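Student: I would like to learn how to read a structure one feature at a time, with the general idea first and the particular case after it. Could we work through one together?

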Amino acid sequence: MLDAKIVFIPSVSGGLGHVTRTLRLAQELEHRRPALRLEYVLDQDRLRESNLPFVKSTGYPVRVLPSRTRYTRDIVVRALLGDADLIVEDTTPYLIPYRQLLKVAWVSVEMFPLEDELFMNWPMLRQSDCVLWTYPAALGLPKELEMLGDKVRVTGPILGSRELPSREQGRRLLGFRDDERIITYSPRAMPFGRDFGERLLSGLVNGFIALRQQRPELRLILTGVCDRSELRFPDMPPLEQLDQAEGIDVRGVLSPKEIRALLAGADIVVAEGT
């Protein structure tokens with residue numbers, strides 16, 4: 001069906017990697033089949049509030065799946081997902097049993113395992129029509145997925161480089177001077193934990209402040225900071241000092257267009273995750 005409805009359900013309990021992966025897939029599908037109806041549904045029970053503004057900024061319709069109980073489950077799930085023709089969930093396999101309530105095709109996108117989650121998820125993944133493995137061939141296919149047989153499709157990374165502006169366009173859009181050298185990092189509420197996040201952020205900021213005394217053309221842009229109090233911890237300069245520090249720019253959640261411009265125009269991008 002050319003006008004089929006596809007609902008994306010990415011994991012939104014941590015960072016934005018699952019959202020951006022499904023976003024690249026949605027944009028490519030929209031480019032190839034403009035008549036498709038595309039929508040995001042986010043699970044309220046595992047929603048990090050700082051992720052909601054970004055998903056809304058994509059321009060696609062966004063709905064939040066309310067908390068469910070055994071008494072409300074059927075009504076809630078059918079109300080939010082009952083009109084979908086295809087559901088694409090990214091690292092939310094605990095929702096797969098809901099397909100028993102729906103007449104819908106189901107595709108799962110799995111994350112590279114951090115612990116033993118792939119083995120523990122296989123009873124749910126067997127209920128999917130297709131499981132996408134979106135990592136480079138050099139990483140191989142985990143043995144835990146081999147038991148799913150031909151349900152697994154190895155796609156390689158889902159990239160959106162076609163959407164990136166040139167370096168010059170990105171810098172012009174964000175107003176960077178030609179002589180500026182841009183470093184950027186997005187703390188994003190520290191999805192990999194406070195200990196890792198604080199060590200990375202404090203090292204970056206303190207290192208930048210020291211280096212800028214020798215390289216005044218440097219500029220540090222921190223994005224995805226919805227609550228500035230998250231930047232208040234022992235190894236970080238006080239917020240007042242950050243505000244007064246030359247070359248440090250603290251911003252909230254950027255739109256996808258602004259993020260692409262920043263990635264294209266920056267000289268150094270600090271990123272974590274896969």
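Student: Which residue is the bridge partner of Ile 183 in β11?

Tutor: Let me begin with the ground rules: this is a predicted model, in which local features need pLDDT of at least 70 and side-chain atom pairs count only at pLDDT 80 or more, while totals for chains, interfaces and linings use all residues. Residues are numbered from 1 along each chain as its sequence is written, and side-chain values use heavy atoms, with hydrogens and water left out. Helices (H or I, at least four residues) and strands (E, at least two) are DSSP runs numbered from the N terminus, and two strands pair if DSSP finds at least two bridges between them. In this model the partner of Ile 183 in β11 is Ile 268, and β8 and β11 pair in the parallel sense over 3 bridges.

Student: In what order do the strands of that sheet lie, and which stand at the edges?

Tutor: The 4 strands form an open, parallel sheet in the order β10-β9-β8-β11. Because β10 (248-250) and β11 (268-270) each have a single partner strand, one side of each is left without a neighbour in the sheet. From one strand to the next the twist averages 15°, where axes are lines fitted to C-alpha atoms (for helices over the stretch in contact) and angles run from 0 to 180 degrees between N-to-C directions. Helix α7 (residues 194-212) packs on this sheet and touches β8, β9 (218-222), β10 and β11, its direction making about 160° with that of β9; contact here means heavy atoms within 4.5 Å.

Student: Is Tyr 185 buried or exposed, and which residues is it in contact with?

Tutor: Tyr 185, which lies in strand β8 (residues 181-185), is buried, with a relative accessible area of 3%. Leaving aside neighbours within four places in sequence, Tyr 185 has contacts that include Leu 200, Leu 204, Ile 221 and Val 270. Tyr 185 and Ala 271 are 86 residues apart in sequence, yet their C-alpha atoms are 6.5 Å apart in space.

Student: How many strands form the other open sheet, and in what order?

Tutor: There, 7 strands form an open sheet with parallel pairing, in the order β3-β2-β1-β4-β5-β6-β7. Its edge strands, β3 (62-65) and β7 (152-154), each pair on one side only, and the twist averages 25° from one strand to the next. Helix α1 (residues 17-32) packs on this sheet, touching β1 (5-10), β2 (37-43), β4 (86-90) and β5, and its direction makes about 165° with that of β1. Helix α3 (residues 73-81) lies across β1, β2, β3 and β4, running at about 170° to β3.

Student: What stands opposite Phe 8 in β2, and what does Tyr 40 stand opposite in β3?

Tutor: Phe 8 stands opposite Tyr 40 in β2, and Tyr 40 in turn stands opposite Val 62 in β3. The strands β1 and β2 pair in the parallel sense over 4 bridges, and 4 bridges also join β2 to β3, which run parallel. Strand β2 is mostly covered, with 6 of its 7 residues buried.

Student: Which handedness do the β-α-β units have?

Tutor: A crossover is right-handed if, with the strands pointing away from the viewer, the path from the first strand over the helix to the second runs clockwise. The unit made by β1, α1 and β2 is right-handed, and so is the unit of β2, helix α2 (residues 52-57) and β3.

Student: Where is Thr 91 found, and what is its phi near?

Tutor: Thr 91 is found in the loop between β4 and β5, and its phi is near 60°, a positive value in a residue other than glycine. Thr 91 is buried, with a relative accessible area of 19%.

Student: How many helices and strands does the chain have, and what share of its residues counts as buried?

Tutor: The secondary structure comes to 9 helices and 11 strands, and 46% of the 274 residues count as buried. Along its principal axes the C-alpha trace spans about 60 × 40 × 40 Å.

Technical notes:
Buried means under 20% relative accessible area, exposed over 50%, partly exposed in between (1.4 Å probe, protein chains only).
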